[in-house]
Amino acid sequence: MTQTDQRPAASPVQGGRRRSAPQGPPLKERVADWALPIGLVIVIIAIWQGLVTFGGLKEYVLPAPGDVIAKMFTDLDVFAEQSVPTIIAIFVGFALAIVVALPIAVAMIYSSIVRRAVYPLLIVAQVVPKVAIAPLFIIWFGFGQLPKILMVALICFFPVVIDSLVGFRAARPESLMLVRSMGANRWQAFWKVRWPWALPSIFAGIKVGITLAVVGAVVAEFVGADTGLGVLLITARGDMDSLTVFAAIAWLTIIGFALFILVEVLERMLVPGRRGKRGFEASGGL
């Protein structure tokens with residue numbers, strides 16, 4: 001055995017410094033997270049192509065997936081032009097929902113009067129069909145971006161405010177009493193305990209809301225708008241142009257998926273312990 005072989009194995013503690021353990025899931029698990037859904041999508045597209053090829057379906061009934069993809073890029077300028085007002089309505093309406101929902105959730109935590117007054121109204125606003133409200137927005141605000149923005153905000157508001165409320169309530173009383181016993185005021189206790197504790201729930205509501213935002217924008221464009229992918233869908237449906245309908249749906253799916261990934265990235269950046277899929281307490285956030 002050589003002198004090099006007799007060297008002791010590397011210790012986790014070297015030079016007075018502990019080597020940090022690897023964080024995050026292993027590479028095999030991360031590859032599986034992407035490979036499995038991609039494989040499932042490929043299988044679905046293969047089945048779709050098989051139905052078109054061997055089922056003898058006409059293009060206006062079910063176009064081939066290759067034709068849909070070709071249409072998406074052949075008319076890219078049209079889809080890009082119509083996507084801009086839809087994306088603007090989604091971003092502005094979704095931001096409006098968050099700006100309104102978070103202060104209301106905080107007020108419901110600290111005031112029983114606000115909670116008792118607002119909570120039933122939230123339920124009523126949620127159970128009312130949004131499609132039935134959309135024509136009223138057109139009557140009140142006319143055609144344009146404002147009705148779409150309000151529809152997106154309305155449809156995204158409920159999951160954000162409810163999940164935020166659940167998150168703020170989930171803060172442990174022991175942690176709140178600890179920071180208050182150390183001289184922290186209510187604002188400091190909120191910022192140091194309730195806010196970081198509620199972040200995972202807030203982002204859960206935001207992720208549900210961002211998927212609904214796409215639906216809200218398209219519903220508003222169905223009811224009354226002059227531009228947007230929803231308008232393109234309605235026009236293509238009237239012309240029995242299923243190829244354009246499928247291509248527009250595909251672009252809406254891509255937009256919604258990209259927005260969801262954006263929220264997922266923000267969550268990994270802002271929520272303690274989320275990057276390594278650890279619990280908040282395990283991350284030492286307190």
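Me: Is the crossing of helix 7 and helix 8 left-handed or right-handed?
Reply: In this predicted model, helix 7 and helix 8 cross in a right-handed way. That label is used if the near helix is turned clockwise from the far one by less than a right angle.

Me: At what angle do helix 7 and helix 8 pack, and how far apart are their axes?
Reply: Helix 7 covers residues 173-181 and helix 8 covers residues 186-223; they pack at about 135°, and their axes are 10 Å apart.

Me: Which residues in helix 7 and helix 8 meet?
Reply: From helix 7 come Ser 175, Leu 176, Val 179 and Arg 180, and from helix 8 come Arg 186, Ala 189, Val 193 and Arg 194. Sorted by class, this contact has four nonpolar, one polar and three charged residues.

Me: How far apart are Glu 264 and Ala 204 in sequence and in space?
Reply: Glu 264 and Ala 204 are separated by 60 residues in sequence, while their C-alpha atoms are 9.6 Å apart in space.

Me: Which residues of helix 9 are buried?
Reply: In helix 9 (residues 229-238), they are Leu 229, Gly 230, Val 231, Leu 232, Leu 233 and Ala 236. These buried residues pack against helix 3 (76-110), helix 8 and helix 10.

Me: What follows helix 9?
Reply: Met 240 does, and its phi is positive, near 60°.

Me: How many helices and strands does the protein have?
Reply: There are ten helices and two strands.

Me: What share of the residues count as buried?
Reply: Of the protein's 286 residues, 37% count as buried. The protein exposes about 17100 Å², and 68% of that is supplied by carbon and sulfur atoms.

Me: Among contacts between residues at least 6 apart in sequence, what percentage join residues at least 24 apart?
Reply: For this protein, it is 70% of those contacts.

Note on methods:
Residues numbered from 1 in each chain as written. Predicted model: local features only at pLDDT ≥ 70, side-chain atom pairs only at ≥ 80, totals over all residues. Heavy atoms only, no water. Axes fitted to C-alpha atoms, helices over the stretch in contact; angles between N-to-C directions. Helix = DSSP H or I, 4+ residues; strand = E, 2+ residues; numbered from the N terminus. Contact = heavy atoms within 4.5 Å. Nonpolar A, V, L, I, M, F, W, Y, C, P; charged D, E, K, R; others polar. Buried < 20%, exposed > 50% of the residue type's maximum accessible area, 1.4 Å probe, protein only. Areas by Shrake-Rupley, 256 points an atom, 1.4 Å probe, with all protein chains shown as cover.
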